[in-house]
Amino acid sequence: MIRAENVYKSFDENEVLKDISITFEAGKTNLIIGRSGAGKTVFLKLLVGLMQPTKGKIWYSDVDFTSLGKKEVRQIRMDVGMLFQGSALFDSLTTEENIRFPLDMFTNMTSKEKRQQVDKVLERVNLEGSNDKYPSEISGGMQKRVGIARSIVLNPKYLFCDEPNSGLDPKTALLIDELIKDITYENNITTVINTHDMNSVMGIGDNIALLYMGQLVWTGNKSEVMGSDNELLQSFIFASPFLQRLRDAALNKG
Amino acid sequence: MDFILRAPKRLLFHFGRYLLLMRNAFNRPEKWSMYWKEILRQMDDIGIGSIVIVVLISVFMGAVAAIQFIYQLDGQLIPKYYIGYIVRDLAIIESAPTITCLVLAGKVGSNMAAEIGGMRQKEHIDAMEIMGVNTAGYLIMPKVVAALVVIPMLVVFSAFVAILGGYIASVGSGELTGGEYLRGTRSFFLPNNVNMMFVKSLVFAFLLTTVSCYKGYFVKGGSVELGEASTQAVVYSNILILLADYIIAVILTG
């Protein structure tokens, strides 16, 4: 479980996040949604400690993450995996070397054990046999899957995904969503996903938080989205005429 | 008043941030074997990768010095074998450590700034941070250690090649016999000059790697800023090398 408590973030005079309080539950996919510039990425960076909040606290279970020193933060990060928007795979390393990097750095496993662990996570993301390929030799969707494999190789308790579907075709995006959801449920991970993909919202949104101009304006789950009378949520989710028609058709039917 | 104080404030800001980065860079490594592997890779990059350019500049440095002194001492009552003595001391005290390190700041320094800056922009550094890696340590310390080992070797090699260049130029031009040149290189030898060469090469190696890594580590923006950081790495390294050269000369010859 991760909890943000009255979190504020400012850059000079510009207040990007205002009084955010929210709890992200374990074993669930927690989505942060909002328009570009709403503060989603800054909030995610605060959650993982890449930035410090101007005010407020962030708790990992019962540990105040914001008050920890660098060494303690690194200790907690051993339990954290993150999938970046651009995958952030190391270009000069192969798929296997990328996934093995955290194992090399933080475990005393033998080469054979590492190989087995890498093969296991590659199989989990349906990329068996891609060990020797470089990031430049695989597609965007495969790169995302390698990113997921790298982020779960140390069996994390917390998984953060920054726009996991950006740049992917709808079918591959669904596969990535399903994969993240399954991994979350299988391992009881606290997963926080930053997205503005409506398919993700309706498909895997166990908990959804809408940010608007740096403020938390709505929380709920995927089944509450349709019936919500929150105007900001409705105008964000059903921004396109196509989705508006779908909503109207669904409401008329139901 | 603000305008006058801006430059010293910026200088202090960068100096403080540089010191903090160095403190992090020389923390205890997470895993020695990973750092050792990286040190070996950097030694290969800096050492083997720079041999050709070091040979080229050194042979011409020695040759030009010999020809210039032959021209200046022509018709004077100074024995010709002094040419060998002058080229030797010039190579050991000044040209090998200083010119070699100025050239290496251009080749190795810009490369380091671009490599680390590129990793920052592609979120590789953030990815490592979230894994729990001390990125300052893993990315900077191996480069500094490798440079401190390899650059003094390159400087010794450069001094040797410069003396050889002087031999080729002076004997080749017919102004001196080989015996006269060698007699000069063996005359008035002061072992302290070699110590000075090593002190200079160690200080310059530290400056050029740490300044370049600093510029790369804190790069912001896109490819234009990365190019600027790379250029600044070379310019600031060169200025600091020349400043340090003066200070070392004052201290060690005083």
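Modeller: This model is predicted. On α2 of chain A, the face turned away from the buried side carries the exposed residues A:Lys71 and A:Gln75.

Colleague: What makes A:Lys71 and A:Gln75 exposed?

Modeller: Exposed means over 50% relative accessible area. A:Lys71 and A:Gln75 are classed as exposed on that scale.

Colleague: Which residues of α2(A) are buried?

Modeller: The buried residues of α2(A) are A:Val73, A:Arg74, A:Ile76 and A:Arg77.

Colleague: How do you know that they lie on the same side of α2(A)?

Modeller: They cover an arc of only 160° around the axis, so they sit on the same side of α2(A). An α-helix has 3.6 residues a turn, so residues three or four places apart point the same way.

Colleague: What covers the buried residues of α2(A)?

Modeller: The cover includes α1 (40-48), β4 (55-60), β5 (63-64) and β6 (80-83) of chain A, together with α5 of chain B.

Colleague: Why is strand β9 of chain A called largely enclosed by the rest of the structure?

Modeller: Buried means under 20% relative accessible area. Five of the six residues of β9(A), residues 207-212, are buried, and therefore the strand is largely enclosed.

Colleague: What makes β3 and β9 of chain A a pair?

Modeller: Two strands pair if there are at least two bridges between them. Strand β3(A), residues 28-34, and β9(A) have five bridges, in the parallel sense, so they count as paired. A:Ile33 stands opposite A:Leu210 of β9(A).

Colleague: How many bridges join β9(A) to β10(A)?

Modeller: Five bridges join β9(A) to β10(A), residues 215-220, and these strands run antiparallel. Here A:Leu211 stands opposite A:Leu216 of β10(A). In the hairpin they form, with two residues between the strands, A:Met213 takes a positive phi near 45°.

Colleague: Why is A:Glu25 called partly exposed?

Modeller: The cut-offs are under 20% for buried and over 50% for exposed. A:Glu25 has 33% relative accessibility, so it counts as partly exposed. A:Glu25 is found in the loop between β2 (14-24) and β3 of chain A.

Colleague: What is A:Glu25 in contact with, leaving aside its neighbours within four places in sequence?

Modeller: A:Glu25 is in contact with A:Asn30, A:Thr190 and A:Asn207, those neighbours left aside.

Colleague: Which residues lie nearest the centre of the largest pocket?

Modeller: A:Leu50, A:Met51, B:Arg120, B:Asp126 and B:Phe218 lie nearest its centre, out of 32 lining residues. The volume of the largest pocket is about 1100 Å³. By class, its lining has 12 nonpolar, nine polar and 11 charged residues.

How values were computed
Residues are numbered from 1 along each chain as its sequence is written. Chains are lettered from A and ligands numbered from 1 in the order in which they are written. This is a predicted model: local features need pLDDT of at least 70, side-chain atom pairs count only at pLDDT 80 or more; totals for chains, interfaces and linings use all residues. Side-chain values use heavy atoms; hydrogens and water are left out. On a 1 Å grid over the protein atoms alone, a cavity is a set of points where a 1.4 Å probe fits but cannot get out, and a pocket is an open set with protein on both sides within 12 Å along at least five of seven lines; lining residues have an atom within 4 Å of a point. Grid points are joined across faces, edges and corners, and a volume is the space filled by probe spheres set on the points. Ala, Val, Leu, Ile, Met, Phe, Trp, Tyr, Cys and Pro count as nonpolar, Asp, Glu, Lys and Arg as charged, and the others, Gly among them, as polar. Buried means under 20% relative accessible area, exposed over 50%, partly exposed in between (1.4 Å probe, protein chains only). Helices (H or I, at least four residues) and strands (E, at least two) are DSSP runs, numbered from the N terminus. The arc is that of the directions from the helix axis to the C-beta atoms. Contact means heavy atoms within 4.5 Å.
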